[in-house]
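Me: Could you take a close look at one part of this protein for me, namely the paired aromatic rings and what surrounds them? I would like one connected explanation that I can follow with the model open.

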Amino acid sequence: MAKVYVGTYAKYNAGSLRGAWLDLSQFENYSKFVEACRELHKDERDPELMIQDTEGMPDGLGCGEWIDEADFNDIREALAEEKAEAPAFTVVDYSEKAIAVVGDTKPLAGQLKTLGGRFNPRLTCGAGWIFSKKKEAEVRALLGGGVQESKPEKRAGGPAPMAEAHLEFPEGVYHIEKPRIENAFCFSDEGPEYEFYKSLSKGDNLAKYFLSENLARLDGEIERMEGRESVYIHPSEYVKGEALIGNWRYMCVNRYNDDDKARELTAEERRRVADALRSVRAAFEKRLQAYLKRYGTSKIRTWSYWANA
């Protein structure tokens with residue numbers, strides 16, 4: 001559900017954020033959307049509409065303080081594609097002894113519980129139901145069609161790149177989440193960074209910058225795993241009688257570590273993480289290239305507050 005919060009510049013300048021959230025999927029065309037915005041602020045004679053926040057936008061798409069018809073249509077099209085591609089359920093190979101079922105499970109909640117499932121809103125793969133692998137056949141029979149696997153399919157030369165990854169450690173499952181495409185970048189108003197900002201309008205500099213910035217986090221994590229400094233894994237604090245769950249925010253690089261629950265990763269464990277990161281990176285780069293092929297650089301927003309004032 002892609003939503004925008006619509007206010008007006010007049011209200012904003014008067015210190016008021018009065019407005020409302022509008023769901024873009026509820027409007028059959030751009031004209032209907034604009035009409036609804038004007039109706040919302042009919043207390044103003046000629047409202048200068050202002051989008052003040054967004055929520056649930058498709059990956060790599062969004063808007064600034066207003067949205068034009070082309071962006072509105074692209075967002076609607078992307079939402080329709082996501083809905084058509086989304087499976088009803090995803091079966092996750094969660095650990096050595098457990099599977100997880102995520103997706104629109106609410107209609108089957110009673111039956112999933114009867115099969116021995118436990119609902120957990122804090123799974124690394126999203127809120128869902130945990131089952132023993134001994135129950136996998138019964139779970140799949142209940143779910144029927146519309147099931148997507150979390151494991152990558154095999155292909156010639158090895159497994160396909162993974163959109164996300166789940167790694168098992170003695171402490172539990174360690175999750176590398178699917179990255180989101182970032183398309184908005186802000187720059188300083190002076191100095192070398194501002195000069196670089198101006199250079200992005202030349203040739204294919206913007207596309208190269210878009211790729212490097214989106215891949216930077218994964219590249220940094222790979223470099224960290226392959227570096228010389230110690231890397232520690234910290235168990236999650238959200239554990240109540242279940243297998244501990246690791247997450248990126250509990251990983252850090254420290255020469256000194258005061259957390260007695262943390263443990264230094266072995267060289268083999270670091271290699272496993274680095275390999276998984278490279279796989280997620282390969283899948284992400286493929287998505288980024290498809291994004292550029294589809295939209296070019298038209299959806300990438302760069303600005304400097306002084307230059308764009």
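Reply: Y291 counts as buried, at 5% relative accessibility (buried means under 20% relative accessible area, exposed over 50%, partly exposed in between, with a 1.4 Å probe and protein chains only). Y295 is buried too, with a relative accessible area of 13%. Both sit in helix α8 (residues 267-295), and because they are four residues apart, about one helical turn separates them. (Helices are DSSP runs of H or I with at least four residues, strands are runs of E with at least two, and both are numbered from the N terminus.)

A word on the source: this is a predicted model, in which local features need pLDDT of at least 70 and side-chain atom pairs count only at pLDDT 80 or more, while totals for chains, interfaces and linings use all residues. Residues are numbered from 1 along each chain as its sequence is written, and side-chain values use heavy atoms, leaving out hydrogens and water.

Now to the rings themselves. The structure holds 15 aromatic pairs; rings of Phe, Tyr and Trp (its six-membered ring) pair if their centres lie within 6.5 Å, and planes under 30 degrees apart count as stacked, over 60 as edge-to-face and the rest as tilted. One of them joins F119 and W129: the ring centres are 5.5 Å apart and the planes meet at 65°, so this pair is edge-to-face. F119 belongs to strand β6 (residues 118-120) and W129 to strand β7 (residues 128-132), so the pair links distant parts of the chain, 10 residues apart.

Elsewhere, F185, F187, Y194, F196, Y197 and Y209 form one aromatic cluster. Y194 and Y197 are buried in helix α6 (residues 191-199), as is S199. The buried residues of α6 pack against β13 (184-187), α7 (205-226) and β18 (301-304), a contact being heavy atoms within 4.5 Å.

There is also a charge by a ring to look for: K3 lies over the face of W21, at 5.4 Å from the ring centre. That description applies if NZ of Lys or CZ of Arg is within 6 Å of the ring centre and within 35 degrees of the ring normal.
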